[in-house]
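Welcome! Please open the model in your viewer, and we will walk through it one selection at a time.

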Amino acid sequence: MSDIEEVLGADGLLSRAIEGFAHRPQQLAMAEAVAEAIEEGEHLIAEAGTGTGKTYAYLVPALLSGRKVVISTGTRNLQDQLFLRDLPRLREVMASPAKVALLKGRANYLCLHRLDLALQDARGHPRDQLRWLLKVRDWSLRTERGDIGEIRDVPEDAPIWPLVTSTTDNCLGQDCPSWSQCHLVEARRQAQEADLVVINHHLLCADFAIRDTGFGELLPAADVFVIDEAHQLPEVASNFFGETLSTRQVTELVSDTRAEYHREAGDLPKILDQLDRLDKAAKDLRLAFEGRPGRGAWAEIEDDARIGTALDTLARELETLHGLLETIEGRGKGLDACQARCALQLQTLAGLREPEAPEQVVRWFEVFGHSLRLNSTPIDVAEVFSGQMRQRPATWIFTSATLAVGDSFTHFQHQLGLFAARTARWDSPFDFQQQALWYVPRGLPPPSDRGYVQAVMREALPLIRAARGRAFLLFTSYRALNEAADWLEEQKLDYPLLVQGDQPKAELLRRFVEHGNAVLLGTASFWEGVDVRGDALSLVIIDKLPFASPGDPVLQARLDAIRARGGNPFMHYQVPQAAIALKQGAGRLIRDANDRGVLVVCDPRLLKKSYGHTFLAAMPDFARTRDPETARAFLEAL
C-alpha cells in the first residue's frame with residue numbers, strides 16, 4: 001500500500017478518523033498523479049469533477065512530499081477554508097510535522113503606521129467612518145495576525161479600509177516607524193520559514209509582476225506550486241501583467257502628500273497649492289469622460305481634444321509636483337515616498353499614452369461613478385506566464401473542476417502557454433443520471449428577441465413553483481437580471497426573492513440557505529464559487545449561453561489577434577470560454593452525493609447551432625429531457 005493510499009484509501013487514516021469521509025477512487029487516482037508529478041518534476045493539468053475531493057487529493061501528496069509547496073487559490077474565502085479547516089484537520093490525522101503559513105496581499109493586513117495617521121486626523125472623518133476607525137483601533141490592540149478579515153462588524157467595502165491598509169505606492173518599507181511590528185512583514189517571514197504556504201492568484205501574479213521590475217519578491221522560493229481554481233488564473237494574470245493608472249491613485253497621492261507635508265515640512269506652501277491643482281486635474285480628467293460607456297477602447301478617445309487636453313494637464317501637474325518634492329528631498333521618508341509615487345505615476349501615464357509595443361497590448365478605459373481607470377493589458381499572457389514559470393524551476397500543478405472542453409485541455413493550455421504539461425481528467429463520483437435532470441425548453445425565441453427574458457421567465461415560473469422556491473436563476477447580464485426581477489415581483493411569489501445588488505453576496509447566500517425556499521437571481525459572481533448543499537437548492541435556471549460581451553475592449557482585441565493569425569476567433573476562443581463558464585454555472589446544482597435537482601438551460605442555440613455540440617460535450621452527464629412535464633414531475637417528487 002502506498003503512503004497516499006494509507007491516508008486516502010478505503011481503510012485509510014481519513015476513513016478511520018473523519019466521520020462521513022468517503023473513499024473515492026477518483027480522489028486517490030488524482031493524488032497518485034500529483035505525487036508522481038512532484039516526484040518526476042513534471043507539470044500537470046488536472047480536472048477533477050465536483051465531489052472528487054481535489055483539495056485533499058493535492059494536499060496529501062504535498063504534505064507527504066517533504067518539499068517546499070506554495071498553494072494558490074482563486075479567492076480569499078478558499079484560502080481561509082484551506083488554512084483554517086482543511087490543513088489543520090489533515091495535519092492532525094496524518095501527524096504531519098509540516099509548518100504551514102497563510103499569506104495574503106498587503107491590502108488584507110492592517111498597517112499600523114497608516115492607522116496612526118488616520119487616528120491623528122480623526123476629526124476629519126465622517127461619523128460612520130470614525131465609528132469604524134475606532135472599531136479597527138480596538139481590534140488592533142488584540143489581533144495577532146492583523147488580517148482585516150477577522151473583523152466582522154466593519155463592511156468589506158467600508159471607505160475606512162484604504163486609510164488603514166497600505167499599497168505598494170504608499171508603503172514606506174524599512175523606513176516606516178512601525179516596521180518592527182508590521183503584520184505584513186511578519187506574515188512574509190512566516191511564509192519564508194513554512195513548508196507549505198497558502199496564497200491566492202492575485203498574490204502569485206503580483207509576485208511575478210514585482211520580480212519583473214527588479215524590486216524584490218513577495219513569495220518564497222518553492223519546489224512545488226499548486227494552482228487550485230486554475231480556470232480563473234488567465235484573467236487574473238492579464239490584469240497583473242499590464243499597466244494601470246486611476247484618478248483614485250492620483251487623489252490618494254494628493255491626500256498622502258498633504259498629510260506628510262504637514263508632518264515633515266510645512267515651510268513650502270507652493271506644494272499645497274500644487275496639490276490642489278493636481279487634485280483638480282484628476283477630477284477634470286474624470287469629467288472629460290462624462291457620457292462615455294463603462295468600458296471602452298483607447299481608439300474611441302484618441303481624437304477627443306477635451307480628453308487629450310485633460311491628459312496633458314494631468315501629466316504637467318504631476319511633473320510640477322515631482323519637481324517641488326525634489327527640492328525638499330531628504331526632508332522626510334514619507335515625502336520621499338510620495339515623490340517616488342509621483343514619478344511612477346508620470347511614467348505609467350506616459351507608457352499608457354505611448355506604449356513601447358502597441359501591437360502586443362490593448363489600451364482601454366473604465367469609467368466609474370467618481371473615478372476613472374486607464375489600462376494597458378497584454379493581448380496574450382501565454383508567453384509572459386510560461387516565461388515566469390521557467391524562471392521558477394519547480395513542479396506546477398493546475399487543477400479545477402472546469403479546465404477541459406469535452407476531453408480537450410487545448411483552450412486552457414493556449415491561455416497560459418502550458419503545452420508541455422501532462423493532462424488528466426477524473427469524472428465526478430456522483431450518480432448524475434439519478435441525481436440530476438437537464439431540461440432544455442422548446443419553442444423559446446432567439447436570445448436577441450426583445451421578449452426573450454419574459455419568455456424565459458414564463459418557462460421558469462411553473463418550475464419554480466414545482467420546486468417550491470429553492471432556485472438559482474443565473475443571468476448573463478444585469479439588464480436581464482433586473483427585467484426578470486421586476487417580472488417576478490409582479491407574480492407575487494410565495495417564496496422570498498433575493499436579488500444580486502440588494503445586499504452583499506455573502507449575506508444573500510446566508511439568507512438563501514436560512515430561508516430554505518428562496519429564489520435567488522444572480523449574474524457572473526454567482527456562476528462559480530458558490531456551494532449550497534442540501535435541500536435549499538433544487539433548481540438552477542440559466543437564461544442563455546454565457547458568451548462574454550463582444551463590446552469588451554480586451555476581448556475584442558484578443559479576437560482580432562486570433563483573426564489576424566488566420567484563426568477562427570469564435571470557435572477557437574469564444575465558444576470554449578463560454579462552454580467552461582456554462583459548466584461552472586451547471587456545477588452549482590449538485591454539490592453533494594445526496595443532492596438532487598433540475599438544471600434548465602433556456603438558450604435555443606444550444607441545440608440549433610452547429611457549435612452546440614461543444615457545450616453538450618463539456619457538461620456533466622445529467623439525464624436529459626425536453627419535456628416540461630418530466631422536469632416538473634422530477635421537482636415535485638423531491
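Leaving aside its neighbours within four places in sequence, which residues is Arg114 in contact with? Select Arg114 and you will find Pro162, Leu163, Val164, Thr165, Ser166, Asn170 and Asp256 in contact with it, where contact means heavy atoms within 4.5 Å.

A word on what you are looking at. This is a predicted model, in which local features need pLDDT of at least 70, side-chain atom pairs count only at pLDDT 80 or more, and totals for chains, interfaces and linings use all residues. Residues are numbered from 1 along each chain as its sequence is written, and side-chain values use heavy atoms, with hydrogens and water left out.

**Stop 1: helix α6**

Stay with Arg114, which is found in helix α6, residues 112-120. Helices here are DSSP runs of H or I with at least four residues, strands are runs of E with at least two, and both are numbered from the N terminus. Arg114 counts as buried because its relative accessibility is 10%; buried means under 20% relative accessible area, exposed over 50% and partly exposed in between, with a 1.4 Å probe and protein chains only. Now show Thr165: its backbone oxygen lies 2.9 Å from a polar atom of the Arg114 side chain.

Next, select Leu112, also in helix α6. At 19% relative accessibility, Leu112 counts as buried too. Beyond its neighbours within four places in sequence, Leu112 is in contact with Ser178, Gln181 and His183.

**Stop 2: helix α3**

Move to helix α3, residues 25-40. Its 16 residues should span 22 Å at 1.5 Å a residue, and its end C-alpha atoms are 22 Å apart, so the two agree. The expected span is 1.5 Å times one less than the number of residues.

Which residues of α3 are buried? Colour Gln26, Gln27, Leu28, Met30, Ala31, Ala33, Val34, Ala37 and Ile38 to see them. Then show what covers them, including α1 (3-8), β1 (44-48), α4 (54-65), β5 (224-227), β10 (395-400) and β11 (422-426). Just after α3, pick out Gly41, which takes a positive phi of about 70°.

**Stop 3: the lining of a pocket**

Finally, select Leu163, Thr251, Glu252, Ser255 and Asp256, which lie nearest the centre of the second largest pocket among its 40 lining residues. A pocket is an open set of points on a 1 Å grid over the protein atoms alone, where a 1.4 Å probe fits, with protein on both sides within 12 Å along at least five of seven lines; lining residues have an atom within 4 Å of a point. The largest share of this lining, 12 residues, comes from α12.

Notes
Polar contact = N/O pair within 3.5 Å; in protein donor to acceptor, adjacent residues only side chain to side chain.
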